[in-house]
Amino acid sequence: MSSRRRSIWPALVLPIALIAASCGDDDAADDGGDATAGPASSSAAGTAAATPSAPAATTAATSPATTVSTDASATTDGSGTTGGTDSAGTSGTTEGGSLTLYSGRNEELIAPLLEDFEAATGIDVEVRYGNSAEMGAALLEEGDGTPADVFYSQEVGAVGVLAEAGLMAPLPDEVVGLVDERFQPAESNLWVGVTGRSRVIVYNPELVTEAPTGVLELTDPMYEGQVAIVPSNAGFQAFVTAFRVSQGEDAARQWLVDMQENGVITDIESNDDVLAAVDAGDVPIGLINHYYWARLVSERGPDGVTAQLVFPEGDDPGALVNATAAGLTARGAENPDALAFIEYLLSEEGQTYFATETSEYPLIEGVPDPEGVPPLEDLQGPQLDLTDLESLEETQALLTDLGLI
Amino acid sequence: MSLIAAAVVAAVAVVIPMVYVVVRALERGWGPFEATLWRARTLQMVVRSVGLAATVTAATLVIGIGAAWLVARTDLPGRRFWRIALGLPLAMPSYVAAWGWIGWRPSLAGPLGAWLVLTTISYPYVYFPVLGALRRSDPALEEAARSLGRAPVRVFLGVTLPAVRIAAVGGGLLVGLYVLSDFGAVSIMRFEVLTQSIYRSYRASFDRTPAAVLGCVLVVLSLVVVMAVTRVHHRARFDRAGTGSSRPAPPITLGRGSLPATLALAGLMVVVFAVPLRSLVLWLDRGRSQTDWSQWWSATTSTLTIAAVAAVATVLVALPIAILSARHAGALSTSVTGLAYAGHALPGIVIALSLVFFGVRFAMPIYQRLPMLIFAYVVLFLSLALGAMHQAIAHAPPILDDVARSLGRTQWQAWWSVTLRLSAPGIGVAAALVCLTVMKELPATLLLRPIGTDTLATRLWSHTSASSYAAAAPYAATILIVAAIPTALLSGVGARDPSADEE
């Protein structure tokens with residue numbers, strides 16, 4: 001018996017030992033990986049900026065942006081316009097500090113910004129990337145045990161749900177007060193808007209002779225079977241929520257019913273796919289966010305994209321300007337570096353980065369809007385408070401009731 | 001006794017996701033549970049999921065058995081090439097295949113597209129075990145049947161098929177459960193099934209209850225299937241005292257049939273590979289984003305390391321259960337095996353959240369560290385390893401153990417020198433299967449990987465979700481290539497036996 005007992009334990013001890021060993025290796029590999037990734041990517045950016053004459057058309061989409069962001073950081077360093085926020089942010093922080101960020105935003109979009117932050121403050125950012133909603137679900141499971149200090153979500157919704165669950169800590173008034181009032185929570189300061197994103201109508205000019213000017217027109221028989229929506233998408237649901245809040249439950253339901261009767265296309269899974277379908281001419285019209293289009297333009301160049309945008313005017317709910325949002329976890333409230341990071345997102349450097357690199361709208365005063373899209377002040381959209389968009393469950397119920405999700 | 005203790009450890013691993021879905025499903029009482037369960041849509045999704053799983057499984061059985069028979073029993077030209085090539089589709093991630101197809105023929109969206117993608121990438125789950133079984137089984141039986149005047153078709157149905165039945169059923173089970181759990185292909189093909197409803201529930205409403213309820217539905221569905229299949233497994237005994245045929249059987253002459261057979265296999269390869277590869281080339285051609293090659297290298301090495309460690313760990317955890325279920329089948333081994341299979345039907349996101357739930361509460365020191373990620377892979381892919389190993393151990397005759405012990409070896413020594421050695425090819429198959437599947441895994445990797453660690457799959461996700469298709473293409477291609485390595489090894493397993501060497 002004893003020999004048998006001895007016999008099987010090696011089989012159990014071995015994987016543990018292996019795992020422990022490889023864990024050590026992997027940590028080392030991570031450090032190495034990060035160290036090599038940093039210089040490599042910055043040198044790539046350097047090359048792009050340094051050789052604007054080489055295939056000009058191909059670098060056009062990326063290199064001016066790179067240059068602008070470099071310029072911007074240079075000016076802010078020189079003029080000290082962001083001195084107020086910076087000094088507030090760095091006052092309580094320690095060189096060599098660190099914070100853990102859960103990012104629902106894509107690495108490609110924000111990694112360069114994080115590098116700038118690390119370089120500017122000496123604070124190390126440990127970042128976990130994922131899908132905002134899945135990360136929100138993970139944060140809910142983690143509860144107070146979360147390793148995260150900051151959650152930066154693609155939509156107000158995910159942070160709002162965590163705030164409601166009592167997992168977010170309040171931000172100082174002066175931080176939340178930096179952004180346009182439209183992008184602040186109505187009360188309690190549990191999150192702050194970071195960048196603005198407009199809902200838009202995308203259409204294919206080769207298929208649509210008369211472009212619609214607002215979503216209310218899309219129920220016209222003229223557009224029968226032509227419009228694609230993504231009912232499961234958080235951006236679309238925020239739009240429906242805005243519709244409900246600004247025009248009333250009945251009007252929102254009626255619009256959806258009319259769209260269904262008008263043969264709305266609902267089986268495309270994502271905004272990207274809708275844009276691709278419209279661009280390829282498979283679908284004439286779609287409802288998406290403005291930056292998907294802007295990113296496709298920077299991936300393919302202006303001539304490589306057929307699809308065009310309409311920014312609905314007036315209080316059309318289709319013109320909703322939503323925000324990406326960040327907040328501190330209970331753990332992050334204890335870490336001054338975490339607050340410094342949120343302040344950096346709202347600094348002139350941070351906001352300029354978003355305007356130039358991700359084509360999103362900056363939310364603080366004095367930072368120019370992205371190119372190729374109408375200025376933020378001109379986007380009116382429905383009259384509402386972004387906190388009103390937290391009534392997502394009612395939207396869900398409505399969409400479920402209509403068989404859309 | 002210690003075998004049982006080890007099996008219990010593995011059992012805990014497979015129980016975690018089950019406990020989690022039940023806890024979350026009933027969190028707000030029976031009201032919301034029943035509300036989700038009895039929605040008309042839930043029933044519709046169940047019907048769709050089961051329908052898709054059944055049709056894909058049926059198609060993979062036909063393709064898998066047919067291909068394995070051609071390679072193992074006939075004089076098909078280029079059998080060595082086909083033996084490896086036919087297994088390679090397993091290296092193709094479902095989302096890459098689906099992107100390729102929908103990019104080429106958008107009209108494929110829907111059940112047909114989902115069926116096509118899932119069938120073409122998962123038939124090797126049947127092909128490999130059947131190929132193994134054909135090599136192990138004695139062709140002399142078939143020869144005898146033929147010499148006694150049976151028509152080839154009747155030999156195939158009456159002698160060959162029963163010999164591979166158990167392997168085919170095991171493979172078919174894996175296919176069915178894989179289809180139930182797959183999210184990539186069905187979401188890109190816009191065919192909403194249960195897994196997609198689960199993802200939507202998280203993504204759209206942050207509501208964990210409906211997702212967990214649907215998770216329970218998936219578990220129950222798969223347990224029903226697993227129990228039905230286990231009954232088949234337990235009815236038969238497969239061991240024999242010899243190691244198999246000692247003499248190569250003369251291959252069946254295809255004659256004029258060899259051209260259509262070759263064309264059919266070539267057509268299959270074109271269908272599986274040409275369309276997705278075309279889309280990768282288009283991505284490269286159309287896009288301007290660039291791959292950061294140092295990131296690519298670090299993702300490649302960590303993918304290889306993680307996959308290798310996960311394969312070893314999974315095999316070691318599966319070993320005691322495989323032995324128990326092959327040798328001392330009882331309530332414990334049956335339920336552990338059943339739950340492991342049921343876990344295979346749960347989408348990755350549910351397993352990942354269950355491990356977040358348990359990790360934060362009970363395993364904080366390893367939470368979001370490599371051991372936790374490896375454990376997640378063990379939970380996710382234990383059933384893959386169990387399937388291959390159970391079969392291998394069931395074919396190793398226990399009587400040889402007894403002989404060894406009567407010659408003075410301890411039970412452990414006997415087991416080590418006889419059973420383990422005889423089952424080594426099957427254990428290798430298990431490790432290779434887990435290894436290549438880990439390389440393609442995304443949802444659990446995203447949530448549980450150590451901060452700063454990227455795999456090829458997470459980089460591919462990251463670039464495609466930022467619309468940087470040109471930067472994403474090399475990652476998709478690399479997944480295909482590195483996953484093809486263990487896949488090719490799978491095809492080689494068992495080549496030691498004389499019949500294969502004679503080719």
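Buried means under 20% relative accessible area, exposed over 50%, and partly exposed in between, with a 1.4 Å probe and protein chains only. By that criterion, helix H7 (residues 156-164) of chain A has the buried residues A:Val156, A:Ala158, A:Val159, A:Gly160, A:Leu162 and A:Ala163. The structure is a predicted model, in which local features need pLDDT of at least 70, side-chain atom pairs count only at pLDDT 80 or more, and totals for chains, interfaces and linings use all residues. Residues are numbered from 1 along each chain as its sequence is written, chains are lettered from A and ligands numbered from 1 in the order in which they are written, and side-chain values use heavy atoms, with hydrogens and water left out.

**Chain A overall**

- Chain A contains 15 helices and 10 strands; helices (H or I, at least four residues) and strands (E, at least two) are DSSP runs, numbered from the N terminus.
- Of the 405 residues in chain A, 55% are buried.
- Among contacts in chain A with a separation of 6 or more, 75% join residues 24 or more positions apart, where contact means heavy atoms within 4.5 Å.

**Helix H7 of chain A and positive phi values**

- The buried residues of H7(A) pack against helix H6 (132-142), strand E3 (150-153), strand E4 (168-169) and strand E9 (321-329) of chain A.
- Just after H7(A), A:Gly166 adopts a positive phi of about 75 degrees.
- Most residues other than glycine have a negative phi.
- A:Asn189 counts as buried because its relative accessibility is 13%.
- A:Ser359 is likewise not a glycine and has a positive phi of about 60 degrees, in the loop between helix H14 (348-358) and strand E10 (361-362) of chain A.
- The relative accessibility of A:Ser359 is 16%, so A:Ser359 counts as buried.

**Helix packing in chain B**

- Two packed helices are described by the angle between their axes and the distance between the axes.
- Helix H3 (residues 40-73) of chain B packs on helix H9 (residues 152-181) of chain B at an angle of about 140 degrees, with the axes 8 Å apart; axes are lines fitted to C-alpha atoms, for helices over the stretch in contact, and angles run from 0 to 180 degrees between N-to-C directions.
- That angle makes H3(B) oblique to H9(B), given that angles under 35 degrees count as roughly parallel, over 145 as roughly antiparallel, 65 to 115 as roughly perpendicular and the rest as oblique.
- Contacts between these helices include B:Leu52, B:Val56 and B:Trp69 of H3(B), and B:Phe156, B:Gly172 and B:Val175 of H9(B).
- H3(B) passes H9(B) in a right-handed crossing; a crossing is left-handed if the near helix is turned anticlockwise from the far one by less than a right angle, and right-handed if clockwise.
- The axes of helix H6 (residues 111-122) of chain B and H9(B) come within 11 Å and cross at roughly 140 degrees, which means that H6(B) is oblique to H9(B).
- H6(B) also passes H9(B) in a right-handed crossing, and B:Leu118, B:Ile121 and B:Ser122 in H6(B) meet B:Val175, B:Tyr178 and B:Val179 in H9(B).

**Buried positions in chain B**

- B:Ser94 belongs to helix H5 (residues 94-104) of chain B and is buried, with a relative accessible area of 5%.
- Leaving aside residues up to four places away in sequence, B:Ser94 touches B:Val117, B:Ile121, B:Tyr178, B:Asp182, B:Gly184 and B:Ala185.
- B:Ser279, in helix H13 (residues 258-286) of chain B, is buried at a relative accessible area of 5%.
- With residues up to four places away in sequence not counted, B:Ser279 touches B:Trp99 and B:Gly100.
- B:Val217 is in helix H12 (residues 208-235) of chain B and counts as buried at 13% relative accessibility.
- B:Val217 touches B:Leu37, B:Val46 and B:Leu194, not counting residues up to four places away in sequence.

**Cysteines**

- Zero disulfides are found over all chains in a search of the whole structure, a disulfide being a pair of cysteine sulfur atoms within 2.5 Å.
- B:Cys216 is buried, with a relative accessible area of 13%, and B:Cys435 counts as buried at 13% relative accessibility.
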